[in-house]
Amino acid sequence: MIRPLFFAFLAGLLPLLAAPPNIVLIMTDDQGYWDTGISGNPHISTPHMDRIAREGVQFTRFYAAPVCAPTRAGVMTGRYYLRTGLYNTRFGGDTLGKNEITVAQLLKRANYRTGLFGKWHLGKYHGYQPQQRGFDEFLGHYHGHIERYEFADQLVHNGHPVKTRGYVSELFTDAAMDFISATHKQTDQPFLCTLMFNAPHSPWVLDTSHYGQPEGDKLLTKYLAKNMPIREARIYALIERVDQNIGRLLAHLKTLGIERDTLVIFMSDNGGVSKFWKGGLRGNKAGVHEGGVRSPFYARWPGTIPAGSKVEAQTSHVDLLPTFCELAEAPLPNDRQLDGKSFASLLKTGRGKQHQPYVYHTWDRYTPNPDKRWSVSDQRWKLIGLFTKTKPDPTKWQLYDLQADPGETKNIAGQHPVEARRLRKAFTDWFSEVTAGQTYRPVPIPVGHDMRPVELQPSWATWTGPHINYTFDGYDWDTIDSWKTKGEQAVWQLEVAQAGRYAVTLHYGCAPLLAGGTLRLSAKSQSLDHKVRATVTAEQFSQFPAGALNLPAGKTTFKATIHHAGSGEFMRLNGIHLQRLPNSR
Ligand SMILES: [Ca+2]
């Protein structure tokens, strides 16, 4: 009798003795809750995403934020984005505050090796880049999206621009697989591998090929044959292209013999943009209805998570950090409020009916606003408010019983005023707390930390004048344009690391007949003038050295002003590069 008892005792200890798992976090970009086969979608084929759910657990009420960067901020910090200084997906507001601590930093302290492959979208300048926020290895892009998916543009490796070839979903997967192999074979460390696909975000580019029919075209042909609009067919094809790569990654873990030591999570970063089949959910990305915020969430850890299980408790992207820290035995930061709560026990048991008492959403591109586009849900009820112009208008609130009506079709706010008031109070209490002390302005651009040029991007500027305009065209391709008259101006806030002389290089296009104006560049009391030159056409951006300015250390305002107007549109300014000159003090 002693022996079985003894072994039972040992078996009971085993989970306690188990080493912290490797963690592979796979995130897609703009994939809807409904864009997988296992969600019931009869049109899309996602066998490997489905397999993660089938061999593990599916969380049916897992919430991201309505848009990209807020979710990523929440995943990285365990805190709602409004606490982190981040408030936008553009205009420099897509920068994670410097005092935030990321899950990668915390897991590194627990001996994890950390990698991020793909989209970051939490800051591009010195001090804000992934390798400076806890990632040992980063290959990917800083911004919300890129333009070229094959021979991808805007990619960087640990702070340095790089050239790559091949299709971007394969490239990021290869990088993740190589990171996993190297960590497994060359170190005795566990790893956190975050694979952040930029697909299926717009501009919905599939592979091209010099030879034969590329894989993306095959998938596109398949989906077009189902009589869906080309936009939807592209999105489905992009998702299946990601799915193929998830298949390669899962096979790689098996080949290395580390499947049972590795937790694999699949999720999206906000609601879906596809509209062809939505499984009865309402809304899309950027909204606060379920379709805007509910994300697929599948997790597999063979031998630990019971296969085929489902968790219906509402959980949030902010729960990932505390969950990972619990699994990694990494202490949580004790000097700040976390919003997330570990769901490690829900993962391990594959069961759970309650987790987060409330999940909150709000999204307004420019200024966080407690009366515009907000929602709060508990396990059963959800209250939504939209676009009140002046003061809160409770008669416009929408209340849904998510258990009876997950499609949010019947507004029952009138029948349940007590629930509506309770939820509104929970939301406003939360909003006041997470926004306390925040200013929501772009951080000043760090300049002069090393000798490399720093680009002052159009989207980080503020601009004034009757004609001047900003054109969003994919971050690195944005311009300040349409300006015409003397005094029209773009302004950047800088934080100069080291006083010195800085070369100023302008990147712009200017139609031949419109050249000849003068741009004045100034910082503090100095300025230099640049006579605008023609390019072949305004959409061709060339580099023009404009001279040098002395910049003092610390905060400085840098201005580009029309000093003499030309004969029409002044220029399309794509960026200004500042480069510290050698031996300058
Ligand atoms: Ca997104």
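Two strands count as paired if DSSP finds at least two bridges between them. With that in hand, here is the chain, which is a predicted model.

Overall picture. The chain has 11 helices and 29 strands. Its radius of gyration is 25 Å, close to the 25 Å that the globule rule gives for 585 residues, so the chain is as compact as a globular protein of that length. The C-alpha trace spans about 95 × 60 × 55 Å along its principal axes. Of the 585 residues, 58% count as buried. Take the contacts between residues at least 6 apart in sequence: 71% of them join residues at least 24 apart. The accessible surface is about 23,600 Å², and 53% of that belongs to carbon and sulfur atoms. On charge, there are 67 positive and 53 negative side chains, with the centres of the two sets 3 Å apart.

Now strand 16, residues 381-385. Which strands does it pair with? One is strand 15, residues 374-377, joined to strand 16 by 4 bridges and running antiparallel. These two form a hairpin with 3 residues between them, and Trp374 stands opposite Gly385. Strand 17, residues 398-401, also pairs with strand 16 in the antiparallel sense, over 4 bridges.

Next, burial. In a regular strand the side chains alternate between the two faces of the sheet. In strand 16, Trp381, Leu383 and Gly385 are on one side, Lys382 and Ile384 are on the other, and all are buried. Since 5 of the 5 residues are buried, strand 16 is largely enclosed by the rest of the structure.

Key
Residues are numbered from 1 along each chain as its sequence is written. This is a predicted model: local features need pLDDT of at least 70, side-chain atom pairs count only at pLDDT 80 or more; totals for chains, interfaces and linings use all residues. Side-chain values use heavy atoms; hydrogens and water are left out. The radius of gyration is taken over C-alpha atoms; the globule rule is 2.2 Å times the number of residues to the power 0.38. Buried means under 20% relative accessible area, exposed over 50%, partly exposed in between (1.4 Å probe, protein chains only). Contact means heavy atoms within 4.5 Å. Accessible areas come from the Shrake-Rupley method with a 1.4 Å probe; for residues, only the protein chains shown count as cover. Lys and Arg count as positive and Asp and Glu as negative; His and the chain ends are not counted. The place of a charge is taken as NZ of Lys, CZ of Arg, CG of Asp or CD of Glu.
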